[in-house]
Amino acid sequence: MVLPIYLYGQQVLRDRAKEADLSDREGLQNLVRDLWDTLAKADGCGLAAPQVGISLRVFVVDGTVVADTYPYLKDFKRTMINPEIIGESNESCEYSEGCLSVPGIYADVRRPSSITIRYYDENLNEVTETLDKFGARIVQHEYQHLDGGLFVDSIAPIRRKMISKKLLGISKGRISTRYKTK
């Protein structure tokens with residue numbers, strides 16, 4: 001089921017999400033299916049449960065939508081339940097990011113170039129993998145949502161000041177999107 005995406009200003013986006021109950025297999029399967037359906041409709045490359053109003057540590061990422069630009073992501077689709085970043089590189093890189101919860105705003109964000117992450121997949125198998133390049137960036141962006149953060153929290157203060165009126169407009173619902181929002 002396609003769910004509305006919560007926009008900047010909603011409290012659920014600022015709360016640290018709770019661990020998902022792995023014993024609720026059916027509930028998790030339904031949530032994951034809804035996240036994939038919503039992501040497909042919104043045409044993004046990642047979506048976290050808090051972005052649909054559900055404060056659980058679950059997100060989905062789909063690098064296949066940017067595989068024309070990043071061919072190494074042609075098979076990069078992941079469901080991450082209760083993820084934990086357990087390592088990150090000292091090297092970092094900067095890239096312009098956007099977010100379905102902050103529509104129409106893009107800004108450069110510096111993040112570690114590679115990470116090692118442990119999570120449960122959609123079949124509740126524990127997985128540990130190291131990601132780099134744009135795959136690592138997508139995952140770090142969604143992971144930030146689970147801790148109550150947004151990419152705009154990670155940008156230069158002067159840039160944040162420059163977009164403050166746009167952010168206020170989003171929080172007041174003065175924005176138009178091609179997907180359902182709340």
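Predicted model: local features only at pLDDT ≥ 70, side-chain atom pairs only at ≥ 80, totals over all residues.

Residues are numbered from 1 along each chain as its sequence is written, and side-chain values use heavy atoms, with hydrogens and water left out.

Let me begin with charge. The structure holds 12 salt bridges, a salt bridge being a side-chain nitrogen of Lys or Arg within 4 Å of a carboxyl oxygen of Asp or Glu. One of them joins aspartate 147 to arginine 16, at 2.4 Å from N to O. Aspartate 147 sits in the loop between α2 and α3 (157–171) and arginine 16 in the segment before α1, so this pair ties together parts that are 131 residues apart in sequence. Both belong to a network of salt bridges that links Arg16, Glu19, Arg57 and Asp147. Helices here (H or I, at least four residues) and strands (E, at least two) are DSSP runs, numbered from the N terminus.

A further pair is aspartate 62 with lysine 77, whose closest N and O atoms are 4.0 Å apart. Aspartate 62 lies in strand β2 and lysine 77 in strand β3, so the bridge ties together parts that are 15 residues apart in sequence. Aspartate 62 is buried, at 9% relative accessibility, whereas lysine 77, at 47%, is partly exposed; buried means under 20% relative accessible area, exposed over 50%, and partly exposed in between, with a 1.4 Å probe and protein chains only.

Turning to the interior, a nonpolar core is a set of buried Ala, Val, Leu, Ile, Met, Phe, Trp, Tyr and Cys residues joined through side-chain atoms within 4.5 Å. The largest one has 18 residues, and among those that touch the most other members are Ile5, Leu28 and Leu100. Which element gives the largest share of this core? That is α1, with six residues. A second, separate core of 17 residues includes Val61, Tyr70, Ile115 and Ile138.

Finally, the backbone. Most residues other than glycine have a negative phi. Asparagine 82, however, has a positive phi of about 50 degrees; this residue lies in strand β3 (residues 77–88) and is buried, with a relative accessible area of 11%.
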